[in-house]
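These are my notebook entries on a structure that I looked through for the first time.

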Amino acid sequence: MTALFVDTHVHLDLPEFDDDRQAVIDRAIRAGVGAFVLIGFNPERWESTAGLLRQHSNMVRAVGLHPNNADIWAESLLPAIEREAQVTGTVAIGEIGLDYYRDHAEPAIQRAAFTAQVRLARELDLPVVIHQREAEADVLEIIAQEGPVRGVMHCFSGDAAFAQSCLDLGLMLGIGGVATYKRSDAIRDAIRRTPMERLMLETDAPYLAPQSRRGRRNESSLMIDAAETVATVKAVEIAHVAAATTDNAIRLFGDALTAAVEHGKSMTTCES
């Protein structure tokens, strides 16, 4: 495969990959997925993602406090997040946002943590990686109040109206395995209506495997399923999807991802 993909949201540091992490990375490279954005979503994961960055030149990361971990939120965490953001290879604040589906933290605490981290991202001139589940209105309200921001709506799973609201606020849409599900017609319609320059590809691995492997562990090599879905919906070649979404990711995440992509290109060349 000549085109290079970037998995813009993946959790390769999680225990689900402890037994075969390098094999997972190798399979991704053979599939044409040559660079990865790791997501450090709580203090433990800040440490584990930093460890992977030291080992792999084709990886960058985001750091933040996930809404499902907002029960530990305190303003005193902000300096720690800021310190982590200074680590070489850190390109965004995330995964942050609101999750009203799971009852892990009070909504008011989630909103306080989200708002503070969006403000920090603006101060540091970093993009945000946003998680939302059953919290569309509140997420959009906070972004509108605290913006303008650069960022991506991770695991986009809304309809065309929600997509347009995200686009109006300057966000990109992260497209992954959910877009391949049989009942995801509304998501595919949103993809069709969204300009290609506002789409990125992701897996959220080990979660949310595509339809072909639904219910099993997800991994970056399976991102090709989402890429093929985008290609079909947009009526373009998959190579165009690879080139466009990689360019979009570089535009959002900057020079560190550019370097990671260049390293990934050398790896995919060696594998081919």
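**Loops, rings and a helix pair**

I began with Pro148, which I found in the loop between helix H5 (136–146) and strand E6 (151–153). I note at the outset that the model is predicted.

I placed Pro206 in the loop between strand E8 (199–201) and H8. As background, I recorded that most peptide bonds are trans and that most residues other than glycine have a negative phi.

Entry on positive phi. In the loop between E8 and H8 I also located Asp204. Its phi is near 65°, a positive value in a residue other than glycine. Is Asp204 buried or exposed? I found Asp204 to be buried, because its relative accessible area is 9% and the cut-off for buried is under 20%. I then looked up Cys155, whose phi is near 50°, again positive in a residue that is not glycine. Cys155 belongs to the loop between E6 and helix H6 (160–168).

Entry on the cysteines. I asked how many disulfides the model holds, and the count came to zero. Cys155 is in no disulfide, and the nearest cysteine sulfur, that of Cys166, is 12 Å away.

Entry on the aromatic rings. I searched for aromatic pairs and found that the structure holds one. Phe156 and Phe162 form this pair, and it is stacked, with 5.7 Å from centre to centre and 10° between the planes. Both Phe156 and Phe162 are buried.

Entry on charges over rings. Which residue lies over the face of Tyr101? I found Arg133 there, at 3.6 Å from the ring centre. For Tyr181 I recorded that the charged end of Arg214 sits over the ring, 3.6 Å from its centre.

Entry on the helix pair. I looked up how helix H7 (residues 185–193) and helix H8 (residues 223–234) are arranged, and they pack at an angle of about 65°, with their axes 9 Å apart. From H7, the contact is made by Arg188, Ile191 and Arg192; from H8, by Thr229, Val230, Val233 and Lys234. I noted that the crossing of H7 past H8 is right-handed.

Entry on Val87. I located Val87 in the loop between helix H3 (77–85) and strand E4 (90–99). Val87 counts as partly exposed because its relative accessibility is 32%, which falls between the 20% and 50% cut-offs. Lastly, I looked up how Val87 stands to Ser266: the two are 179 residues apart in sequence, and their C-alpha atoms are 24 Å apart in space.

Terms used: Residues are numbered from 1 along each chain as its sequence is written. This is a predicted model: local features need pLDDT of at least 70, side-chain atom pairs count only at pLDDT 80 or more; totals for chains, interfaces and linings use all residues. Side-chain values use heavy atoms; hydrogens and water are left out. Rings of Phe, Tyr and Trp (its six-membered ring) pair if their centres lie within 6.5 Å; planes under 30 degrees apart count as stacked, over 60 as edge-to-face and the rest as tilted. Buried means under 20% relative accessible area, exposed over 50%, partly exposed in between (1.4 Å probe, protein chains only). A charge sits over a ring if NZ of Lys or CZ of Arg is within 6 Å of the ring centre and within 35 degrees of the ring normal. Helices (H or I, at least four residues) and strands (E, at least two) are DSSP runs, numbered from the N terminus. A disulfide is a pair of cysteine sulfur atoms within 2.5 Å. Axes are lines fitted to C-alpha atoms, for helices over the stretch in contact, and angles run from 0 to 180 degrees between N-to-C directions. A crossing is left-handed if the near helix is turned anticlockwise from the far one by less than a right angle, and right-handed if clockwise. Contact means heavy atoms within 4.5 Å.
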